[in-house]
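Notes below, in the order I looked.

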Amino acid sequence: MKRRAILFLFFTVLLLLLSGCGSSETTKSTAGNGRSGGAKVIKVANYFAENHPQNVALREKFKKIVEEKSRGSLKVEIYPNSALGAEQEFYNGVRNGTIEMGIPGLIMQNDIAKMGVPEWPFLFKDFEHVKNVLNGPIGEEITAELETKHGVVPLAWSANGFRMFSSNRTIDSIKDFKGLRLRMPNIPNYITIGKLLGANVTPLPISEVFTALEQKVVDGQDNPIATLRASGWYEVQTDVLESKHMFSPNVYVVNKKFWDSLTDEQRKIIQEAAKEAADYEFELMEKSYEEDKKFLQEHGIKFTTPDDKFVKQMEEAVQPLYDGLFKKYDWAEDLYKRIKAEAK
């Protein structure tokens, strides 16, 4: 009887140990390699609202293509609206590998100077001009240092759009910028542009813009009107100046180590899906302008289109930015001229 009890206790302990080991290995295999149910998970972070063309393209193109063509070996999880942190935070996450992919703006220009080129003021004529430049050799030249300096691989250029000023008062001359408390991203070129136009610039992450406008900490901000609509800022603004003073692209980036861990086939699938999604997003952005404008007007936003004289005044006001760039970088003026030459 005593011997039977000892044997029972022995086998009970043995079963518990085996169960624990199995559970531990299961947890390890699930969490350790970024896998879920045998699939590699690709978390894609961005700062856009869920209904913004950026996230529409991710859902309808990127996620669908990747998951279908990989036959379940890859799973895409989309995190919009700064769900994984503000732009700098999620971009850092992609750099260090805690997030597989992100779609930041050109925040990396703070220490990779050429990444700031597409956002030089009054550089691009229209969407076609932007696509010709960014999807060609110049676009590759601009992103060339991302992999070596930041540990991220660029996959595709997408569109944020032509930036315009929204405000709580009408801006119809260069003088109206004086004293305007203007939110700009915390990027030197942006801040310089705002100051050269005569505004008082307050750098803030995009996640804080609505509150700053609502509480009148700032009077205005600059973004494409698709963002103004999708983020609800029209509720706390009255005017838009159709300045088109800058084009803001976004770039699909993936962590280098994660990228290297994929098979050739998986990399090809992701690359093609990123390109198709980004092209689709460009198309959505370009087509949505008139619809977004109509929506905003119906919600009380007044649009002001600057005349040629006003546009020239803005261009002349920001010229010192170009003078400084051309003096600082021996490649800057040549690159500027090559981009201008691509306009049709």
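This is a predicted model: local features need pLDDT of at least 70, side-chain atom pairs count only at pLDDT 80 or more; totals for chains, interfaces and linings use all residues.

**Helix packing and core**

I started with helix α4 (residues 127–134) and α11: their axes come within 11 Å and cross at roughly 165°. That is over the 145 cut-off, so α4 is roughly antiparallel to α11. I noted the crossing of α4 and α11 as right-handed.

Next I asked which residues of α4 and α11 meet. From α4 I found F127, V130 and K131, facing F282, M285 and E286 of α11. Sorting that contact by class gave me four nonpolar, no polar and two charged residues.

Then I turned to helix α2 (residues 53–69) against helix α11 (residues 264–298), where the axes come within 8 Å and cross at roughly 155°. α2 and α11 are therefore roughly antiparallel too, and I have their crossing down as right-handed. The α2 side of the contact includes P53, V56, F62 and I65, and the α11 side includes I269, A273, Y280, L284 and M285. By class I get 14 nonpolar, one polar and seven charged residues for α2 with α11. M285 turns up in the α4 contact and in the α2 contact.

Last, the core. Which residues touch the most other members of the largest nonpolar core? I got M115 and F177, out of 77 residues. Skipping neighbours within four places in sequence, I see F177 in contact with F165, I171, L197, G198, A199, L241, F310 and M314. Apart from that core I found another, of 24 residues, among them V76, I103, L155 and Y252.

Conventions:
Residues are numbered from 1 along each chain as its sequence is written. Side-chain values use heavy atoms; hydrogens and water are left out. Axes are lines fitted to C-alpha atoms, for helices over the stretch in contact, and angles run from 0 to 180 degrees between N-to-C directions. Helices (H or I, at least four residues) and strands (E, at least two) are DSSP runs, numbered from the N terminus. Angles under 35 degrees count as roughly parallel, over 145 as roughly antiparallel, 65 to 115 as roughly perpendicular and the rest as oblique. A crossing is left-handed if the near helix is turned anticlockwise from the far one by less than a right angle, and right-handed if clockwise. Contact means heavy atoms within 4.5 Å. Ala, Val, Leu, Ile, Met, Phe, Trp, Tyr, Cys and Pro count as nonpolar, Asp, Glu, Lys and Arg as charged, and the others, Gly among them, as polar. A nonpolar core is a set of buried Ala, Val, Leu, Ile, Met, Phe, Trp, Tyr and Cys residues joined through side-chain atoms within 4.5 Å. Buried means under 20% relative accessible area, exposed over 50%, partly exposed in between (1.4 Å probe, protein chains only).
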